[in-house]
Amino acid sequence: MNGHYNDDDLDLALFALELEEPPADLRASILAATVYRPAPMFSRAEIVALTLITTAIVALIGFVVAGGGTLFAHSVQALERGLVETFSNYSTLGWLAVGGATAIWLSLFTGFQSNPASPGKVVETSIR
């Protein structure tokens, strides 16, 4: 093969083909599938974290079930003792009250609404 190619005949043949007109809403459907596509509900990191947490909970439940009723009873009692000790401490209750009051006070200024996601500025350019 020589290194000289001439594609003019091929180009003429391709441009002579009758092409079908694109659908009227092609541009809108492409933009809807790309630029204006809604953000996913969870990011990949959040899905991994939720999967790990769910796996750990299922594993703990499996360990408790495998250990029998006494292990479950002891686990519930230990959880109860920990909660009672935590919430009987006046300092802990005070900090919880301060945190709750601060959250309510700040919510009054924002109208109990989260900040809406601001759409990115899309600049339409035409390159033809």
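These legends walk through several close-up views of a predicted model.

Residue numbers start from 1 along each chain as its sequence is written, and side-chain values use heavy atoms, without hydrogens or water. In this predicted model, local features need pLDDT of at least 70 and side-chain atom pairs count only at pLDDT 80 or more, while totals for chains, interfaces and linings use all residues.

View 1. Along the sequence the pattern reads α-α-α-α-α; helices (H or I, at least four residues) and strands (E, at least two) are DSSP runs numbered from the N terminus. Of the 128 residues, 0% are buried (under 20% relative accessible area; exposed is over 50%, and partly exposed lies in between, with a 1.4 Å probe and protein chains only). The accessible surface is about 12300 Å², and carbon and sulfur atoms hold 67% of that surface.

**View 2. Helix α3 covers residues 44-67.** Its 24 residues reach 35 Å from first C-alpha to last, close to the 34 Å expected at 1.5 Å a residue (1.5 Å times one less than the number of residues). Just after α3 comes Gly 68, with a positive phi of about 95 degrees.

**View 3. A nonpolar patch lies on the surface.** Leu 79, Leu 83, Phe 87, Tyr 90, Leu 93 and Leu 96 form this patch, together showing about 670 Å² of accessible area. Helices α4 (69-87) and α5 (90-110) each give two or more residues to the patch. Leu 83 sits in α4 and is partly exposed, at 44% relative accessible area.

**View 4. Helix α1 spans residues 8-16 and includes Asp 8.** Here, Asp 8 has a relative accessibility of 47%, so this residue counts as partly exposed.

Definitions and conventions:
Patch = residues over 30% accessible without salt bridge, like charges linked within 9 Å, V, L, I, M, F, W, Y side chains within 5 Å. Areas by Shrake-Rupley, 256 points an atom, 1.4 Å probe, with all protein chains shown as cover. Salt bridge = Lys/Arg side-chain N within 4 Å of Asp/Glu carboxyl O.
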